[in-house]
Protein chains: 2
Amino acid sequence: MKQISGGVTAAKGYKASCCEANIKYKDRTDMAMVVSEVPCECAGTFTTNVVKAACVQWDQKIVYGGGKLQAVVVNSGIANACTGKEGWDACEATAKAVEANLGIAADTVAVASTGVIGMQLPVEKLVNGVAKMSGTLTDTEEAGTLASKAIMTTDTINKEIAVTFEVNGKTVTRGGMSKGSGMIHPNMCTMLGFLTTDLAIDKALLQEALSAVVKDTFNMITVDGDTSTNDTLLLMANGLAGNEKITGKGQAYDAFVEALSFVCTFLARKMAGDGEGATKLFEAHVVNAKSKEDARTLSRAIVGSNLSKAAIYGCDANFGRFLCAMGYSGAQFDQNDVELFFVSKAGKLQVFDKGTPLAFDEDFARKIMEESEVTVFVDMHEGEESAKAWGCDLTYDYVKINADYRS
Amino acid sequence: MKQISGGVTAAKGYKASCCEANIKYKDRTDMAMVVSEVPCECAGTFTTNVVKAACVQWDQKIVYGGGKLQAVVVNSGIANACTGKEGWDACEATAKAVEANLGIAADTVAVASTGVIGMQLPVEKLVNGVAKMSGTLTDTEEAGTLASKAIMTTDTINKEIAVTFEVNGKTVTRGGMSKGSGMIHPNMCTMLGFLTTDLAIDKALLQEALSAVVKDTFNMITVDGDTSTNDTLLLMANGLAGNEKITGKGQAYDAFVEALSFVCTFLARKMAGDGEGATKLFEAHVVNAKSKEDARTLSRAIVGSNLSKAAIYGCDANFGRFLCAMGYSGAQFDQNDVELFFVSKAGKLQVFDKGTPLAFDEDFARKIMEESEVTVFVDMHEGEESAKAWGCDLTYDYVKINADYRS
């Protein structure tokens, strides 16, 4: 597997475009579109929030209904959540606009939205946006990059990646883009993610792989504990790489999962580190836990705690907060088994040793924590399972961004 | 039932004192003590955190072991959590110091700590503190008030209350004090609370009443979602009111529960409104839910969401965030049944009506939200159960206080 430059247009047969539709933002692009030359097998994972945005309901109907996907239309600015029938109609109007402009069947067009909840989308602007974008679709790397920028809300950097890997002698490409950055929490973390590949693969296997990989990637990040109404991750596979179609598990499937995992980990970490107001990526790495689920639960609790996040922001090696978060996570353990370390490029420092706090060099601790990526490493000494979770620090800017998000 | 002035010393036979022990804070009182003339029936509720502070383990041994309680010693500054055997020894040394100075059996002395986790208590200072306080115990109202101030950490106001109520013709008094204000989250919310009464009552009934009342009071507040290692609520009943001992349910028991509920609600609301960095009390009132547990879950999710809390701080009527929080709470419901209102002294405003966002007057909404107590009122239209939860807004100061708490 090899990382290459590019994003959603890297794989064969995908085009992208974007435009300024003035949905909510002014003077910036706020709609994007990704289109495949041919209908794709598709898989998706969606928010577990009971209050699902209209667009999530729309996409679930396609993905879970066994349909194919040929285009995705995204807007940033208004979430189209808590919008009743009018919200559903906006999804339909968008998909029909794609059909009218490109001849792609409306029931193969996914829609995704992010932004303010409880506000109606301006349908005319959406439809005009689709018309504009339909005329400017290209398969250039730049088109993919511009699309990844158009879907940003409070993100400070765009997130895209592409890799190639071999399947039975054929080179397959996978690209992806995603956006954060508030209302981010496992199941699904609040996010939009769009993955494209030219791999030929069976639909059921595609979904199985995506669901498995999401557990250890997108579902292991948190920014603020708020699981949004709009989380959507869509994976399109158009089969144009020319590989013999993957219809069962084996070497080819494994190569595909490895690449998928790499891409999702990359995007997930980027989203966590670019959480609203964040100044650094905060990783928890729990090893030797009793079960995989415990390892995940413990590592997520560490990066999810407001107090832990504030300590990371303040470069304060207040390790008791991490132990406290582990303690209320729901996982059962004995603090007398636990070792805890702070780790970054600057070094590794143990601060807690099986029930007892260690005296440590505060200056060295601060040096470790001042790095832009800081890991809390915990050895549970209870089993053999491990997990990583990613989050960010809690800063003044998080509060600032969210105290008056609508204006 | 009647509210009177005073706190833990209001009921018959209770004395209090405090001192500057320099545990961690300088130039302020940081230890307090409450003593009953005679051994008390006692009840308690404690943190559900797996990582329990040494003092929680100490107190659980007394309360759950069927013992009586005659004194409580509290220190603020160091939590005595994650401190191994040395932490347990500090509890024992404190209790033995009370025995040496006052002749009260060490196994009837509860200890409670709040502050930094993972740091050892200076035992000599504790023991000296007990000696000082043993010589200055009084039953004055002032002594109770000073004790309630000595247990504060990042609290900005002390919290105490006293009420009287009638039991079979006898006047019974109940007093209480508590402290917040960070690491506050249901089960138990992070807090220390000490309730005293001169009521004569059976131990089992005392515990039953406390456990029931806590569910709708202290366990319904949240400041930051972090359930601490130290949460402790102790209830002492010394029987000196002279009432016929309550040994079963009935009118007398109900009067007692009503007074207990009033006191706990008062203290819980005070703690929520005085959450770290808070500028206002944020209440969620959910009515007509399918079950009591749903009502509690939904209301807690609303006040627990960082995004909701930031919106409350910014006086931003971004009601979608509240619906979003309800959606990921774990309770099942249909957004098309839900009505949502903002309520405060300034008025009441409906913003969401059974699936559809309403157009509303933004200026009026802001006026409602600028009050010091703001309620999000939600009618689920699904049943007959209701609940209230209390929290506070998320502010710059919360981050500031917690980014470098130890220094």
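Which residues touch the most other members of the largest nonpolar core? In this predicted model, local features need pLDDT of at least 70, side-chain atom pairs count only at pLDDT 80 or more, and totals for chains, interfaces and linings use all residues. Residues are numbered from 1 along each chain as its sequence is written, and chains are lettered from A and ligands numbered from 1 in the order in which they are written.

The residues are A147(A) and A147(B), in a core of 290 residues. Such a core is a set of buried Ala, Val, Leu, Ile, Met, Phe, Trp, Tyr and Cys residues joined through C-beta atoms within 7 Å; buried means that 20 or more other C-beta atoms lie within 10 Å of a residue's own, with C-beta atoms placed from the backbone. Leaving aside residues up to four places away in sequence, A147(B) touches V8(B), A16(B), C18(B), A32(B), V34(B) and M177(B).

Between the chains, 54 residues of chain B are in contact with 54 residues of chain A, contact being C-beta atoms, placed from the backbone, within 7 Å. On the chain B side, α8 (306-313), α9 (320-327), β13 (356-357) and α11 (396-403) each supply at least two residues, and α9(B) gives the most, with 7 residues. Helices here are DSSP runs of H or I of at least four residues, and strands are runs of E of at least two, numbered from the N terminus.

A rotation of 180 degrees with 0.0 Å of shift along its axis superposes chain B on chain A, with RMSD 0.0 Å. The two copies are therefore related as by a two-fold rotation axis. The superposition is by least squares on C-alpha atoms of residues with pLDDT of at least 70 in both copies. Within chain B, the C-alpha of Y396(B) comes closest to this axis, at 2.5 Å. Because 100% of the interface residues of chain B are also interface residues in chain A, the copies meet through the same surface.

Note on methods. A residue is buried if 20 or more other C-beta atoms lie within 10 Å of its own, exposed if 12 or fewer, and partly exposed in between; C-beta atoms are placed from the backbone. Two residues are in contact if their C-beta atoms, placed from the backbone, lie within 7 Å.
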